[in-house]
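Please work through the following exercises with the sequence and the model at hand. Each task is followed by a worked solution.

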Amino acid sequence: MVELKEIAERLIGGKSDEVRNLVKKALDEGQDVRKILNEGLVAGMSVVGDKFKKYEFYVPEVLIAAGAMKAGMQLLRPIMVERDIKGLGTVVLGTVRGDLHDIGKNLVRMMLEGAGFEVIDLGVDVSSEKFIQVAKEKNADLVGLSALLTTAMLSMKDVVGAVQKEGLKGKVKIIIGGAPVTQDYANEIGADGYAPDAASAADKAKELLKS
Ligand code: B1M
């Protein structure tokens, strides 16, 4: 019988093939999909997030671990879709209009996926109209905005304004981040949350969906 903590340990070490094999074996043994996800993949990714926050892991280690997470998810996702097993929630994520930086945003995506969210990544230079359109279509719980340019931070305000204008305030929470972004700025523009790094973004997303 596969010990699910073994999956977590291999994921932390970034061993994609081993994670894939263990997940397959656990599925073949008839272990519960949700348990494999939570006690294997998500548990491992949450350790990776903690290590990243404490500067024990850097971007390359996170990327490699996220690759291992993806290898496991490729086996779980079709079963979850078939059985309509819901994750923690749906996040529409993107780098705001005028900004092409995406390295941090991609890390945020990996941490959110690692925490069990479904992430719809709209890429870079995303307009407020696009965020709203997709958030409505996908019935999103959260919109995540990233910006690295001080000039592009203004686009975050546009998205918050558009969410209010469309009557989505409260239904769709907004979380913002990126090197020049601060909690003060989030307060100023009326975003629901701010996170200083990718691992904290996943924590903040969970916290916002509880409230
Ligand atoms: Co650009 N760039 N860049 N750049 N670039 C910066 C950001 C800059 C600070 C460099 C500098 O001048 N010292 C500066 C911005 C100055 C400012 O506005 N204050 C700058 C500039 C000016 C520019 C151009 C205008 C340069 C030019 O063309 N003249 C141009 C802009 C293009 C555009 O966007 N329209 C430009 C272009 C580029 C490249 C294309 C060459 C490349 C981007 C490649 C890519 O992203 N695919 C690039 C890079 C790599 C950088 C630096 C060197 C590194 C950014 C990065 O990836 N950091 C950067 C200088 C620096 O930071 N040393 C710089 C690593 C990443 C993991 O961190 O993105 O902060 P970060 O993400 C963190 C957190 O912020 C947080 O979590 C992440 C992980 O912990 N986070 C979130 C991010 N998003 C979040 C969302 C959340 C929560 C947390 O919730 C949803």
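**Exercise 1.** Determine in which helix valine 47 is found, and decide whether valine 47 counts as buried, partly exposed or exposed.

*Solution.* This is a predicted model.
Step 1: Valine 47 belongs to helix H3.
Step 2: The relative accessibility of valine 47 is 31%. Partly exposed covers the range between under 20% for buried and over 50% for exposed, so valine 47 counts as partly exposed.

**Exercise 2.** Classify tyrosine 55 and aspartate 125 by relative accessibility, and state where each residue lies.

*Solution.* 
Step 1: Tyrosine 55 is placed in the loop that joins helix H3 (33-53) to helix H4 (59-82). Its phi is near 60 degrees, a positive value in a residue other than glycine.
Step 2: Because its relative accessibility is 62%, tyrosine 55 counts as exposed.
Step 3: Aspartate 125 sits in the loop between strand E2 (118-121) and helix H6 (128-137). Phi of aspartate 125 is near 55 degrees, a positive value in a residue other than glycine.
Step 4: With a relative accessibility of 36%, aspartate 125 counts as partly exposed.

**Exercise 3.** Which strand holds threonine 95, and with which residues is threonine 95 in contact, leaving aside neighbours within four places in sequence?

*Solution.* 
Step 1: Threonine 95 lies in strand E1, which spans residues 90-95.
Step 2: Its relative accessibility is 0%, so threonine 95 counts as buried.
Step 3: Once neighbours within four places in sequence are set aside, the contacts of threonine 95 are His101, Asp102, Lys105, Gly123, Val124, Asp125, Val126 and Ser146.

**Exercise 4.** Describe the shell around the ligand: how many residues surround the ligand, and which classes do they belong to?

*Solution.* 
Step 1: The ligand is surrounded by 26 residues, the closest being Leu100, His101, Asp102, Ser146 and Thr150.
Step 2: Sorted by class, the shell has 15 nonpolar, 8 polar and 3 charged residues.
Step 3: Individual atom pairs are considered next. A backbone N or O atom of leucine 100 lies 2.6 Å from an oxygen atom of the ligand. For alanine 198, a backbone N or O atom is 3.2 Å from an oxygen atom of the ligand. Aspartate 99 places a polar side-chain atom 3.5 Å from an oxygen atom of the ligand.
Step 4: Two or more residues of the shell come from each of helix H5 (103-115), strand E3 (142-146), strand E4 (173-177) and helix H9 (198-210). H5 gives the most, with 4 residues.

**Exercise 5.** Characterise the overall fold, and explain why the radius of gyration agrees with that of a compact globule.

*Solution.* 
Step 1: The protein has 9 helices and 5 strands, arranged along the sequence as α-α-α-α-β-α-β-α-β-α-β-α-β-α.
Step 2: Along the principal axes, the C-alpha atoms fill a box of roughly 50 × 35 × 30 Å.
Step 3: Of the 211 residues, 49% count as buried. Among contacts with a separation of 6 or more, 72% link residues 24 or more positions apart.
Step 4: The protein exposes about 10,500 Å², of which carbon and sulfur atoms supply 51%.

Technical notes: Residues are numbered from 1 along each chain as its sequence is written. This is a predicted model: local features need pLDDT of at least 70, side-chain atom pairs count only at pLDDT 80 or more; totals for chains, interfaces and linings use all residues. Side-chain values use heavy atoms; hydrogens and water are left out. A residue is near a molecule or strand if one of its heavy atoms lies within 4 Å of it. A polar contact is a pair of N or O atoms within 3.5 Å; within protein, one must be able to donate a hydrogen and the other to accept it, and residues adjacent in sequence count only if both atoms are side-chain atoms. Ala, Val, Leu, Ile, Met, Phe, Trp, Tyr, Cys and Pro count as nonpolar, Asp, Glu, Lys and Arg as charged, and the others, Gly among them, as polar. The radius of gyration is taken over C-alpha atoms; the globule rule is 2.2 Å times the number of residues to the power 0.38. Buried means under 20% relative accessible area, exposed over 50%, partly exposed in between (1.4 Å probe, protein chains only). Contact means heavy atoms within 4.5 Å. Accessible areas come from the Shrake-Rupley method with a 1.4 Å probe; for residues, only the protein chains shown count as cover.
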